[in-house]
Amino acid sequence: MGKTERHRTMILWTAFIPITALFFIVYFDKINVISRGKKSAFKIDDQNTLKATKREVKLTLLSLSMFAAIGLVMDICLKAGYGAIYNDYHFGLLETLYLIASFFIALAMHDLYFYATHRLLHSKLFFNRVHAVHHKSHNPNAWSAFSFHPIEGLFQIGILPLIFFFLPIHSFVFGLFTILLLFISVYGHCGYELRPNKVAAFHMFNTSLHHYQHHQFVRYNFGLYLNTWDKLFKSNYPKYEESFEKLRDTINAANRAQ
Ligand SMILES: [Zn+2]
Ligand SMILES: [Zn+2]
């Protein structure tokens, strides 16, 4: 990496992670206003105002500062020549195939990491001391996504340095992965079920309702991207599929009436 390139990357992750997270929070927080009220029909819980509390905003700003700090550590390491991340733009067939594969490897690593650490956060050791802070949001909204105890912040964002140091990954792919991670985190908390008519093949992916039920019932639905882990460890809310279908019908009826 040349001197100029190193210099340019110095603030890349420090700024990119918190700014992207904030962008998705504001977007999902205002999604109903942006769509001129069309999203009200997609609300998971009619009674829910989806208004963020001061506590959620404060804790989110603390988490975003922590994300910036982790980004700064990665930027400093990049400058010093550490990390598995690479910046080569000359691709052959194998390099291109690996580029695509590395994105899915990162997602798979994160999906398993999230499920395992989330179960750990629900253990006696961590729940009352750490994770209960996130669970104070019973009816989550966009600002609940990163409203957590600083120790949980380390758990949640920890996947980025893990991949950064151990998985050879192109900086462009790492950026895409970071965007998807932050997007899904806010999407899962936004309080709207935006994919009520998903095709059967997409049942393998989790929905906003899935994580909403985690905040409601606490003991179920620990997964992030795929429903696989909750299925495998029998931790899906027993009425998840049934309530999804019910919600889908309510949303579709409300949409028809609009
Ligand atoms: Zn939890
Ligand atoms: Zn949550």
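## Reading a predicted helical chain

User: I am new to this structure. How much of the chain is buried?

Analyst: Welcome! Of the 258 residues of the chain, 34% count as buried. Please keep in mind that this is a predicted model.

User: What share of the contacts joins residues 24 or more positions apart?

Analyst: Among contacts with a separation of 6 or more, such pairs account for 73%.

User: Now the helix pairs. How are α2 and α4 oriented to each other?

Analyst: Start with the angle between the axes. Helix α2, residues 12-29, packs on α4 at about 150°, and the two axes are 6 Å apart. An angle over 145 degrees counts as roughly antiparallel, so that is the word for α2 and α4. Their crossing is right-handed.

User: Which residues make that contact?

Analyst: On the α2 side they include Trp-13, Phe-16, Ile-17 and Leu-22, and on the α4 side they include Leu-64, Phe-67, Leu-72 and Met-74. Sorted by class, the residues of this contact are 13 nonpolar, three polar and one charged.

User: Where can I see a helix pair that is oblique?

Analyst: Look at α9 (residues 208-217) and α11 (residues 240-257), whose axes come within 10 Å and cross at roughly 120°. The two helices are therefore oblique to each other. The crossing of α9 and α11 is right-handed. Here Leu-209, His-210 and Gln-213 of α9 meet Tyr-240, Ser-243, Phe-244 and Leu-247 of α11. By class, this contact of α9 with α11 has four nonpolar, three polar and no charged residues.

User: How do I read backbone angles, such as phi?

Analyst: The general idea is that most residues other than glycine have a negative phi. Arg-36 is not a glycine, yet its phi is positive, about 50°. Leu-50 also has a positive phi, near 60°, and is a residue other than glycine.

User: Where is Arg-36 found, and is Arg-36 buried or exposed?

Analyst: Arg-36 is in the loop between α3 (31-34) and α4 (54-79). Arg-36 counts as exposed because it has 7 C-beta neighbours inside 10 Å.

User: And is Leu-50 buried or exposed?

Analyst: Leu-50 is found in the loop between α3 and α4. With 22 C-beta neighbours inside 10 Å, Leu-50 counts as buried. The cut-off for buried is 20 or more.

User: Which residues does Tyr-237 contact, leaving aside its neighbours within four places in sequence?

Analyst: With those set aside, Tyr-237 is in contact with Gln-213, Phe-217, Tyr-220 and Asn-221.

User: How far from Tyr-237 is Ile-19?

Analyst: Their C-alpha atoms are separated by 34 Å, and the two residues are 218 residues apart along the chain.

Methods: Residues are numbered from 1 along each chain as its sequence is written. Chains are lettered from A and ligands numbered from 1 in the order in which they are written. This is a predicted model: local features need pLDDT of at least 70, side-chain atom pairs count only at pLDDT 80 or more; totals for chains, interfaces and linings use all residues. A residue is buried if 20 or more other C-beta atoms lie within 10 Å of its own, exposed if 12 or fewer, and partly exposed in between; C-beta atoms are placed from the backbone. Two residues are in contact if their C-beta atoms, placed from the backbone, lie within 7 Å. Axes are lines fitted to C-alpha atoms, for helices over the stretch in contact, and angles run from 0 to 180 degrees between N-to-C directions. Helices (H or I, at least four residues) and strands (E, at least two) are DSSP runs, numbered from the N terminus. Angles under 35 degrees count as roughly parallel, over 145 as roughly antiparallel, 65 to 115 as roughly perpendicular and the rest as oblique. A crossing is left-handed if the near helix is turned anticlockwise from the far one by less than a right angle, and right-handed if clockwise. Ala, Val, Leu, Ile, Met, Phe, Trp, Tyr, Cys and Pro count as nonpolar, Asp, Glu, Lys and Arg as charged, and the others, Gly among them, as polar.
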